[in-house]
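Subject: Structure for you to look at

Dear colleague,

I am handing over the structure below, and after it you will find my notes on what was found. Please read them with the structure open beside you.

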Amino acid sequence: MFEKFINSELEMKNLGAKIAKLLKGGEVLELIGDVGAGKTTFTKGLAQGLGVAETVQSPTFTISRIYDGENFTLTHYDFYRLNDAGIMSLELASVLEEPENITVVEWAESVAEILPENRIRLEILSQNETSRKVKIFAEADFLEKLEAEK
């Protein structure tokens with residue numbers, strides 16, 4: 001596990017950009033945190049790091065958004081409003097098979113059974129209005145590279 005304290009939106013975006021540099025394609029990132037914890041802010045930084053030119057928006061109402069980066073496609077899902085993902089779970093399963101895709105999933109409880117075990121899991125815990133503690137769970141080699149990026 002890798003743990004980092006974040007004290008601003010800029011630091012959260014920087015963490016996302018830093019992680020983007022370590023991705024090779026096909027990764028799945030599960031973001032866990034309360035409403036307002038910084039999941040979309042993290043994803044904005046991830047998108048910037050992947051070379052996405054357009055503005056990243058929360059997919060809370062649309063369920064998914066797709067962005068083209070320099071080398072990868074970023075697909076961002078938010079299952080907050082769905083107790084049962086239904087047909088969206090079939091779309092997600094298809095996207096997970098694409099090696100040129102980076103997939104971000106928020107509120108993944110309804111699709112947990114189709115997410116790969118080797119996903120990168122970020123738990124974002126609010127410390128106060130501006131501070132967050134981010135715990136990252138991933139395979140050892142990824143965590144070692146992340147630690148080396150300090």
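From the N terminus on, the elements of the protein follow the order β-α-β-α-β-β-α-β-β-β-α, which amounts to four helices and seven strands; helices (H or I, at least four residues) and strands (E, at least two) are DSSP runs, numbered from the N terminus. Please bear in mind that this is a predicted model, in which local features need pLDDT of at least 70 and side-chain atom pairs count only at pLDDT 80 or more, while totals for chains, interfaces and linings use all residues. Residues are numbered from 1 along each chain as its sequence is written, and side-chain values use heavy atoms, with hydrogens and water left out.

Of the 150 residues in the protein, 47% are buried, where buried means under 20% relative accessible area, exposed over 50%, and partly exposed in between (1.4 Å probe, protein chains only). Among contacts (heavy atoms within 4.5 Å) between residues at least 6 apart in sequence, 59% join residues at least 24 apart.

Strand 4 (residues 73-78) is mostly covered, with five of its six residues buried. Strand 4 pairs with strand 3 (residues 64-68) in the antiparallel sense over five bridges, two strands being counted as paired if DSSP finds at least two bridges between them. These two strands form a hairpin with four residues between them, and aspartate 68 has threonine 73 of strand 4 as its bridge partner. Strand 4 is also joined by six bridges to strand 5 (residues 101-106), the two running parallel, and here aspartate 78 stands opposite glutamate 106.

Helix 4 (residues 140-148) has Phe142, Leu143 and Leu146 as its buried residues. Seen down the helix axis, these fall within an arc of 95°, so they line one face of helix 4, the arc being that of the directions from the helix axis to the C-beta atoms. Ala140, Glu144 and Ala148 are the exposed residues on the face turned away from the buried side, whereas the cover over the buried residues of helix 4 includes strand 1 (2-6), helix 1 (9-20), strand 6 (120-126) and strand 7 (132-137).

Finally, there is a residue in a loop to consider. Serine 58 is placed between helix 2 and strand 3 and is partly exposed, with a relative accessible area of 30%. Serine 58 touches Thr40, Arg65 and Asp78, not counting residues up to four places away in sequence. The C-alpha atoms of serine 58 and histidine 76 are separated by 8.2 Å, although these residues are 18 apart along the chain.

With best regards
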